[in-house]
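Have a look at the model first, then try each exercise before reading its solution.

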Amino acid sequence: WTKIWHIAGRTAELIDPGDYLVHNFLKESVICILQEDGSVKAFYNSCAHRGMRMVQESSSSDGISCPYHGWRYGLDGFVKFAQDGHDFPQGDPCGKVKLKELRCDIWGGFVWYTMAEEGPSLAEYLDPMPQLYKNYPMDTAVRVAWYRIALNANWKFVTDNFSESYHTRTAHPQVPPWIDQDVDTARHEMWPKGHGRTVQPMRPSLSDRLPETMPHPFKLILQQWDIDPESYASYEDLAMQGWLDLKAAKRRLWKERGYVHYEHMDDEEITDSPHTVIFPNVTISFLPDNLVFFRSEPHPDDPEKCYFDLWCMAFPVEGQEVVESVMAGPRPLREADYCEQRDFDAGRGIPELAGQIVYQDMELAEGMQAGMHSRGYQDAYLTGQETRVRFFHEVLNDWLEGRKP
């Protein structure tokens, strides 16, 4: 954890110089502050005087102040006021003493930092993600739902879970009608640094079909783009040709309908779902109109627990005031005011998410944590489509044992 790059928050939270993010991780805390020149600097949240943790949550200020003895720091981290400055035998700390700085960078509308004083840059660490997703204007996405949920599960379950979709037809029956997750239609990709993704067409599965009496979500999507779903001779035509017709309609109509984020996206990106894990603990589901961010972070004391972050983001479309956030239901198209901090509590802590895909995943997390303690569990018996689960643990072992991934 001291060597990887962490996400502190969204650049949308940093509007004016002095705005800052606070990211607490295990027993560490980091402040990321927007500078006058538009850059962001990161500092440990520990006063250079006697180590006091200075701020508790993200806010705005013309600097950081310590609540213990009143030391104040400028945006650059240097002390700009210390009470009784003449009383320091080693000299007045103003302009001389500085908060300990960390390397900080920005990608995808996220503010990143690393505790490693040396090592790969953010671009090197993320490679090839910046190139793969260069067509998505990620920094324009609006975070409409923002949760941090305490789970009774080890943090690694989240990456395991999002590294395969073999569980989907069992745990998420609402998915196959609009994302084809059949094993032979998905594309699985892995990169040496531990990142990976599963790319799936956003069209109905040919294997898992809704009863004909039920409204079909894909038909509604086609209708939104002026395609008559009843014009297809068969279900297969609806799924396969309808998917191709949808690409063409989006390519033809995006500008007049205000879907400006489509401008540079290719035919795969405007209709498909590249579900992406960034090693070791971040997952981003790239959808044509949404980004869904998942992150797991370990509990500071108990490896049987973790914190699960869910950020639902939508690309703004002219005229839209409410968006379907995919994982958290309909939400106003505006930045969420604050982070909802909840205890999952077997689902009782987030009743508004009941029935959502992410809710089902959290249920699975706690069930897996319990089940893997059983004397009956010996080792995983994996399918080919679960290769990324094994790959994640191999790369994790490389990091832990000092080998270069």
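**Exercise 1.** Find which helices each supply at least two residues of the lining of the second largest pocket.

*Solution.* Step one: α3, α4 (168-171), α7 and α8 (387-400) each give at least two lining residues. Helices here are DSSP runs of H or I with at least four residues, and strands are E runs of at least two, numbered from the N terminus. A pocket is an open set of points on a 1 Å grid over the protein atoms alone, with protein on both sides within 12 Å along at least five of seven lines; a cavity is a set where a 1.4 Å probe fits but cannot get out, and lining residues have an atom within 4 Å of a point.

Step two: the model is predicted, with local features needing pLDDT of at least 70 and side-chain atom pairs pLDDT 80 or more, while totals for chains, interfaces and linings use all residues. Residues are numbered from 1 along each chain as its sequence is written, and side-chain values use heavy atoms, without hydrogens and water.

**Exercise 2.** Now characterise the largest cavity.

*Solution.* The search finds 4 cavities of 30 Å³ or more. The largest cavity holds about 300 Å³. Its lining has 23 residues, with Thr-168, Gln-181, His-275, Met-327 and Ile-357 nearest the centre.

Methods. Points joined across faces, edges and corners; volume = space filled by probe spheres on them.
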